Each structure stands twice: as structure tokens, then as C-alpha cells.
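Subject: Structure handover

Hello,

Here is the structure I promised. Please look it over, then read my notes below.

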Amino acid sequence: MMKYISGLLFIFIFYASCGQNQTSVPKQNNRSHRSGLSESQLKEAAASKIPMSMVRNVRQAKNGDILIASYVGVYRYDGTSFTNMTSTIEWPTFWDVLEDRKGNLWLASQDSGVYFQPAGQTSFKHFKAKDGTGISSALHIYEDRAGNIWFGASRYDGKSFRTFTTKDGFPSNNIRLLLEDKTGKLWFGAQGENMFVYDGKTFTVLKNEDGKAFNNVWSIIEDKKGSIWFGANGLWRYDGRTFTKVSQRDAYAIIEDKKGNIWTTGGVTGQGWALSRYDAETLYNENPTVTEIMSIKEGALLGLLEAKDGSIWFGAMGPESQVYRYDGKTLTDFKNEEGRE
């Protein structure tokens, strides 16, 4: 088995989600019905000046621009307006975007592999399964500490692609790396399967005090104190010894902001989905203070980002499909703002 992997594993199709009752996120596998849009609506979305289809992930470029992976296009927001960077790419289904440490841009798509734009260039190179990459679908991108780029179970080391399976010693072919912590341990989730941690030698299934394994874990972070946070039928925290269920609110995406607050998007039992903030001062209390910033009854709230200016960006799918920004006081709906301040 390869020695010490630092990266993101498992190309997953997200069909269920965060919520005590498994709030459902509809699958969108047919390109002619992306996000519930008709063919004419798809063309309108692709030509739009703002993201107006499902937004799965939001990232930030080195120069501070916001990068938005919308189902029918990847957009760049420079603080004033949006630019569709993929208007010349015909009908892919984008799920993620990443600018790596070298300034290269990577795009992940559900059904057409990976797109690569070298730093300083404007055209994209297209990596597909038939090119020997092993990548037919890529729904998440991760750059490890060594600078390798991961697309599910496939790793690009700057020269070639390699896809890892159970033959390489992994406990599942559906495993995906979610976090490389400060100690070097690797935290993995798997579609419909358990959560694992890898210490460089052994994969261990993680279980709570009742002996039940955590499964369907979509997001893991490490906070400033070194505790691990993740969503699995609720929001959980692990301090290295004990698993604590912090909230019944589940978490599809989790971030820690500069002030130490924990933010999540996820299902709330019987209430749809919400963007929630767990206040830093009470995080380790038995009942931390939670503020619900936004909630929706239909669809889902997805990827999360804290921008350099401290604003919180998040994506949505369903009737509210678009990207939002929350500056601590005002929630900006770019659909109604037409992409302008």
C-alpha cells in the first residue's frame, strides 16, 4: 500500500444529506434536468451574469476573488461583478473549483471529468477517463500538504494520475479523505459507509461511546484547539478522547471563522435546511449558543466559505439556487441584486 496519503479520496454522488431524519437532497444526474431546469432554462442559466443554478461549493482565489461552482458554470466574483469563466464549455455539470498553491485553476464536473487552467492562461485542458486519468466523474477537489491534487480516489502529483482502491489497502472503494489534521492523521468518509481515521499504518473505524459507527460524513474540520468537528445525524466534536454530540442539527458543510465561531449548513429536523452559527464563547458548553442566520423549507444550503474580509458565503440548490453572502448584518441575494453592489 502506498505510504502515507495526504489527500481527498472518493468520487461521491451526493444523494442524501444532513438531517436527523435524513433530509433528502435530490439527485441531479440527467444533464437535461439539472437543478430542475428545462433545456431553455439551462441555456438562460449558462448565459446569466450571476450563478442561478445549484451552487455546490464556494472557494476563494489568492487575490481574494470568490470562486463559485454552479452546476451550469463556474463564476469568479471580483467584488463588483460576476464573470462566467466556463461559458465556452458546453454543458458540463460543475461541482467544485479550486485554485491551487501555484495559481492553477481546477474544475470538477459530475459527468465530464476535470478541467485544468494553468496559472496566467485563459484556456482549459480537459482530463477525461479515456485519457488514462481514471476520472469520469469528479465532485470534489482537494490539495494536500505535499501539493498533490485529489479528485475523489484519483491523485494528480503534477505529472500523472493514480486511482486508489481496496487493492491498495483501503477499507472501501468509496472512501474519500475529508481532513488531514495537525498531527498528520487522515480522516475519511465514505458514501453510505463508515468514517475512518488513518494513522499512517492502520485504518480505524470511528465509533461513538455506544459503539455505533459514524457514517455518511460529508464534512470534517479541525478547530483552533485541535478538536475535530463533523456532521453525522447531528453535529459532533471529538477532542482526541471523547465524542460529544453538540447539536441535533446536522452539517453538510462546516467551517471555523477567524473569531472561532463554527458555521454549518445542514438539515434541521422538520424545518428544512439552515445556515447556523455556533458562538465561539459557548462552543464547549453543554448547550452552545446557536444563531440561525437563514433557513429554507425546500432545497438545500450547501458549500461554505469565510472570505478574507470576514463575510460568509454559501451556496444553495432548489428554488433558492444561487450564492449568498452574509456580512454579519446583511444577507445579500445576488439574484435580486443582479450581481452588482
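The second largest pocket has a volume of about 250 Å³. Its lining holds 14 residues, and Asp257, Lys259, Trp263, Gly310 and Gly328 are the closest to its centre. By class, that lining has seven charged, four polar and three nonpolar residues. (Asp, Glu, Lys and Arg count as charged; Ala, Val, Leu, Ile, Met, Phe, Trp, Tyr, Cys and Pro as nonpolar; the others, Gly among them, as polar.)

A pocket here is an open set of points on a 1 Å grid over the protein atoms alone where a 1.4 Å probe fits, with protein on both sides within 12 Å along at least five of seven lines; lining residues have an atom within 4 Å of a point. Volume is the space filled by probe spheres set on the points, which are joined across faces, edges and corners.

The model is predicted: local features need pLDDT of at least 70, side-chain atom pairs count only at pLDDT 80 or more, and totals for chains, interfaces and linings use all residues. Numbering starts from 1 along each chain as its sequence is written, and side-chain values use heavy atoms, without hydrogens and water.

Now the largest pocket. Its volume is about 1100 Å³. It is lined by 37 residues, with Arg59, His140, Tyr142, Leu178 and Ile254 the closest to its centre. The lining divides into 20 nonpolar, 12 charged and five polar residues. Strands (DSSP runs of E, at least two residues, numbered from the N terminus) contribute too: strand 1 (55–60) and strand 25 (300–306) are among those that each supply at least two lining residues.

Best wishes

Notes: Helix = DSSP H or I, 4+ residues; strand = E, 2+ residues; numbered from the N terminus.
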